[in-house]
Amino acid sequence: MRDSEVVIALAGNPNSGKTTVFNALTGARQKVGNWPGVTVERKEGKAKLGDTEVTVVDLPGIYSLTANSIDERIARDFLLKERPLLVAVVLDASNLERNLYLPLQLMELGVSRLVLVCNMMDQARTKGLEIDTGGLSQALGVPIVPTVANKGIGIERLKSVLAMEIARREPPPPCPLKYSESVEEAINELEEAIKRDKAFSQMYPTRWLAIKLLEGDQEYLGRLGEGNPSGGEILARLTTLRDKLESEIRYDLETALVERRYGYLKGLVSRFAKRKWDWAERLSVSDKIDRVITNRFLGIPIFLVLMWITFKLTFNVGGPIADLIDGVFGYLGEHVAALIASAHGPAWLASLVSDGIIGGVGSVLVFFPNIFILFLAIAVLEDSGYMARGAFVMDRFMHAIGLHGKSFIPMVLGFGCNIPGIMATRTMENEKDRILTILVNPLMSCSARLPVYILFAGALFAHHQGTIIFSLYMLGVVLAIILARVFKSLFFKGEPAPLVMELPPYRLPTWKGVFLLAWQRSAIFIKKAGTIIFAAVVLVWFLAHLPTGVPYASQQTFIGRLGTILAPIMKPAGFGFWQAAVALFFGVLAKEVVVGTLGTLYHTQEEKLGAVIAQHFTPLTAYAFMVMTLIYIPCIASIGIIKRETNSWKWTGFAVGYSLVLGWVLSVLVYQGGRLLGLG
Amino acid sequence: METLSHSAEDYLEAILVLSLEKGKARVKEVADHLGVKKPSVVAAVKALVDKGLVHHEYYGYLELTPKGMAIAQAVYHRHQTLFRFLYRILGVEVQTAERDACNIEHYISPNTLERLVKFVEFVESFPNKERDPKWLSHFKKYAETGEPPPCVGGERGGEKVKTLDQLKVGEKAVVRAVKGDPSLKKRILVMGLVPGTELEVEKVAPLGDPVDFKLKGFHLSLRKEEAKLVEVEVE
């Protein structure tokens, strides 16, 4: 085995400072990708331990080896199936009892050697905790390294301990936890039965299997049923043992076993983590902050202000940079086109390169500043511990409309741009809630739709422009709420995802951690979504240019012909002319393109466009057109990101399909309803 | 420890008690203490001297050898434990407790005795030495009046069984049980909400749900729907 193939898994509870330890171990030598088949981030890095180089895999934060969400399942499966040689478990030193539950489970599993990283020792000390890591290490039989990872303290020591443990290449030490005599007897008896089942017993160590079966773990019980000839025998033995034990102890076995583990840990912690003074009497700083932040009256206003700041930062700071990038690409496009022309290149080539490729790449990159700043803000909210508070404060409201507390942030961000909105759903652990939030997100009227509203409302509703635009925003919100409920009852039936959420203590985020996180997440957007968006942009360019010899985006081009075909479909909505259809078609690229396209098609400059629009549209058809623009399809970049985030063409297709149908139905309703009311 | 006849153990214990109480033990005092005749004491003491357990000084004082002391102390400890068990825990009256302790100590097996010692230690380890633990006072009341313990009907003396969602902010409780479907139950359990865990309601979200609890030094939020699954005891 080459040493570079040695894999160390980094596990630990959420908020234990696992990522900080990971960053300290690997430096900047990280690779961020996704776990196969899902959108959970997979972080991997190289660490140099003395002379050997090892791969460190940063697993999603988990509390135990029982998985509730995809991240947890990934971490669990990695630990159970890949069986890394060494698992470093990061512990929050101030909260040892619960943090030790995971390593205790890993010791019971007994497939990997462990090194415990007792992190944030400084915070434990300020809380008056004195931790005897040496004693704890002896009692558990695994090495423990105290660290303050964000200050780099203890990292060298951790590296040398990891190197030593790798070199040992011994089987992991036995788990020090023993259950009561009768439970131990039952475990032994069940193990005997399991050992007779070759296939089942090969999956995991038999003691682990026996414990999990006694605990009534559905996952293992399920495996037992799967074409196992001797499964019945084990099951029969299990039932007898469970009945016998449960009549003996007060609780059901599941509770009893978990209780025993916590009882053991409580004993350990009281022996090795002594309180020098009782800080429970005083409110911790974190609790004091929470008195304000989650206050009955201030909680929601504070949340809204923070959202507003995030929103402002994303679009006000990001906006000018985005404009700059847009300008640079525009400049580049023009000059390259001029260069090609001066070299007597064909006009179509100049157009392909400047409008198609450079314009296409630009249309993707232009989102980057907003996305990066958004992720920066989200990283600050996450690392400081606020994100969980936001979900805590908003959960009741969001739950009432069928979403989750954590859906609120993506929805609010959607008002700015649906792409960061959809990407922000990554903070949600429940897959159903996440997909639901993604599906309705495009209904939040993004800033790109605003130019269309301004044009049409300005041209035809001069005195009620504000009201008309506001009504469109509200329409989007109401539709999102209704559709969330409808989709939930159609596709995500059953119990709503429970909320069992830790509110981590507030911490000061580090610049390094925040920037690294924001960069890694926004780089994913560039890499993956960029390919889809880019391809689509180039495709549309071809459609707008071919066949050769016709003017760009005229009725004779493929896209013009498509518009002519599509126009009759839009007739019931009151705007059944090809220019509108083509404008909407181009609007798929980005909704604000509708304005520019109409300008091109009506051969007029933007400032005079309002007057032209007023000739072609009535107030009623204009409103129907705006409703259509709001709903009809997520823009191409959003579609790309929906595909990426749901990892499913089915859901992507559904998002496109339902919005097209809904947009058409609603704009037809607006037009026909309006006519009935005599507004035509 | 070599096996001695019951009466030999009694003599050793008597010598120990007398020397603890009066500083010295003589044949006459031993005879009075045990309620036997002096010649019987003399004969028994001779046997103990032969076994090297007691020194018999010329002028009548009896003194335990280190070996005799060890046996005497063990016997004495055994006796005291039994006495405390009968008197303090079962509530038997003093004289009966004393007499029965004398009788039981000779017949009880070392294993049972060891458990009994542990039990007495356990009961006596409660922080408030002045008062009996609650369950013990319930028991004594039951022994005297036949009144069943108040916990049978779901409510306990001063403690109420509630579900977690019924608690108010600032209220403290101890987890009794977690209900619900297996996966949700497991999820709640592994977060540390196991029976016996103390927790406090820290805050309620502005819209009335979810609720934040403090336990084992960290904060856990549950919707009332989930909190309903956790049964607790409130003081």
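Colleague: How many bridges join strand β5 of chain B to strand β6 of chain B, and do they run parallel or antiparallel?

Modeller: Keep in mind that this model is predicted. Strand β5(B), residues 172–178, is joined to β6(B), residues 198–204, by 3 bridges, and the two run antiparallel.

Colleague: Which residue in β9(B) is the bridge partner of V178(B)?

Modeller: That's V230(B). Strand β9(B), residues 230–234, pairs with β5(B) over 5 bridges, again in the antiparallel sense.

Colleague: Staying in chain B, where does P210(B) lie?

Modeller: Look in the loop between β6 and β7 (211–215) of chain B. The peptide bond joining D209(B) and P210(B) is cis, with omega at about -5 degrees.

Colleague: On to helices. What span should the 15 residues of helix α8 of chain A have?

Modeller: At 1.5 Å a residue, α8(A), residues 181–195, should span 21 Å, and the C-alpha atoms at its ends are 21 Å apart, so the two agree.

Colleague: Let's talk backbone angles. What is phi of N15(A) near?

Modeller: Near 65 degrees, a positive value in a residue other than glycine. N15(A) sits in the loop between β1 (7–12) and α1 (18–26) of chain A. Its relative accessibility is 32%, so N15(A) counts as partly exposed.

Colleague: How about H344(A): is that residue buried or exposed?

Modeller: Exposed means over 50%. H344(A) has a relative accessible area of 74%, so H344(A) is exposed. Phi is positive there as well, near 60 degrees, and H344(A) lies in the loop between α15 (299–342) and α16 (347–365) of chain A.

Colleague: One more. Which residues make the nonpolar surface patch of about 610 Å²?

Modeller: F470(A), M474(A), V478(A), I482(A), V486(A), L490(A) and F491(A) make that patch. Take M474(A) as a case: this residue is in helix α23 of chain A, residues 465–491. With a relative accessible area of 36%, M474(A) is partly exposed.

How values were computed: Residues numbered from 1 in each chain as written. Chains lettered and ligands numbered in written order. Predicted model: local features only at pLDDT ≥ 70, side-chain atom pairs only at ≥ 80, totals over all residues. Heavy atoms only, no water. Pairing = 2+ DSSP bridges. Helix = DSSP H or I, 4+ residues; strand = E, 2+ residues; numbered from the N terminus. Expected span 1.5 Å × (residues − 1). Buried < 20%, exposed > 50% of the residue type's maximum accessible area, 1.4 Å probe, protein only. Patch = residues over 30% accessible without salt bridge, like charges linked within 9 Å, V, L, I, M, F, W, Y side chains within 5 Å. Areas by Shrake-Rupley, 256 points an atom, 1.4 Å probe, with all protein chains shown as cover. Salt bridge = Lys/Arg side-chain N within 4 Å of Asp/Glu carboxyl O.
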